[in-house]
Amino acid sequence: EIKRAYFALARTHHPDRWFRRDVGPLRAKIDAVFSAMTAAHETLTNAAARAEYDAYLREVLKTRMSRRQASALEAAKDFLAAADAWAKIVEKLPTDAYVQHRYARALLHARTGWPQAIAAATRAIELDPTRAEYRVTAASLHLAEGRDLSALGELDVACEIEPDRSDLDALRVGLRERIARAR
């Protein structure tokens, strides 16, 4: 059943279907969708990987209330308490890129724990390098520590991932000008 579903979707979403077509910035997204489908197929058809994934999903469900609480604390602008809540979730889900990112972002807004925040942002990027949002958080943390060149590097990658985001490009240009003036 899994293989049938995968092959049915692969006919629709395989990158070769778009061969020699000008899809512009969608090329990276098409490749990312197919890569995610392939990774899901490989996980679901491998007994050990499937068991590991099922255990991960059980933890995700167990932490659902904690995630809501952490998000509510962020909405209330209590970023220090939100960071503490996300830290507990990170302990339970250390391989969840989104959780690592939210922890890093909460620490950024709380203006504390820079080493932990950078470590969490770096881990989020390692786990899912295709998310520009994670790179922007890492860039913001580098800026907060006065590491403009590191921030620029993260923004460059974020712009490659999402070339249609003019806000990122404008931020990158401004940062380049600031670095040039400092020299």
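Predicted model: local features only at pLDDT ≥ 70, side-chain atom pairs only at ≥ 80, totals over all residues.
Okay, thanks everyone. Let me start with the overall picture. The protein has 10 helices and zero strands, so if you read along the sequence you just get α after α, ten times over: α-α-α-α-α-α-α-α-α-α. The C-alpha trace spans about 55 × 45 × 25 Å along its principal axes. There are 183 residues, and 34% of them are buried. As for contacts, take those with a separation of 6 or more: 49% of them are between residues 24 or more positions apart.

Now, the pockets. The largest pocket comes out at a volume of about 400 Å³. Its lining has 14 residues, and the ones nearest the centre are Y53, Y56, T95, D96 and A97. Which helices supply at least two residues each of that lining? They are α3, residues 47-62, and α6, residues 97-110. The largest share comes from α3, with five residues. By class, you've got eight nonpolar residues, four charged and two polar in the lining of the largest pocket.

Let me stay on D96 for a moment. D96 sits in the loop between α5 and α6. Is D96 buried or exposed? It has a relative accessible area of 6%, and the cut-off for buried is under 20%, so D96 counts as buried. The side chain of D96 makes a polar contact of 2.8 Å with the side chain of R67. If you skip the neighbours within four places in sequence, D96 is in contact with Y56, V60, R67 and L127. Y56, by the way, is also among the residues nearest the centre of the largest pocket.

On to the second largest pocket, which has a volume of about 300 Å³. Of the 14 residues lining this one, A32, D128, T130, R131 and I161 are the closest to its centre. Here α2, residues 26-45, and α9, residues 148-161, each supply at least two lining residues. The largest share, five residues, comes from α2. The lining of the second largest pocket divides into seven nonpolar, five charged and two polar residues.

Last topic: aromatics. How many aromatic pairs are there? The count comes to four. One of them is Y6 with F7: the ring centres are 5.2 Å apart and the planes are at 70°, and over 60 degrees counts as edge-to-face, so that's what this pair is. Y6 is buried at 13% relative accessible area, whereas F7 is partly exposed at 47%. Ring pairs also bring in F34, so that Y6, F7 and F34 form a cluster.

Then there's W86 with Y98. Their ring centres are 6.4 Å apart, and with the planes at 85° this pair is edge-to-face as well. W86 lies in α5, residues 79-92, and Y98 lies in α6, so the pair ties together parts that are 12 residues apart in sequence. W86 is buried, at 0% relative accessibility, while Y98 is partly exposed, at 33%. And remember that the loop between α5 and α6 is where D96 is found.

Notes
Residues numbered from 1 in each chain as written. Heavy atoms only, no water. 1 Å grid on protein atoms, 1.4 Å probe; cavity = no way out; pocket = protein on both sides within 12 Å on 5 of 7 lines; lining within 4 Å. Points joined across faces, edges and corners; volume = space filled by probe spheres on them. Helix = DSSP H or I, 4+ residues; strand = E, 2+ residues; numbered from the N terminus. Nonpolar A, V, L, I, M, F, W, Y, C, P; charged D, E, K, R; others polar. Phe/Tyr/Trp six-rings, centres within 6.5 Å; stacked < 30°, edge-to-face > 60°. Buried < 20%, exposed > 50% of the residue type's maximum accessible area, 1.4 Å probe, protein only. Polar contact = N/O pair within 3.5 Å; in protein donor to acceptor, adjacent residues only side chain to side chain. Contact = heavy atoms within 4.5 Å.
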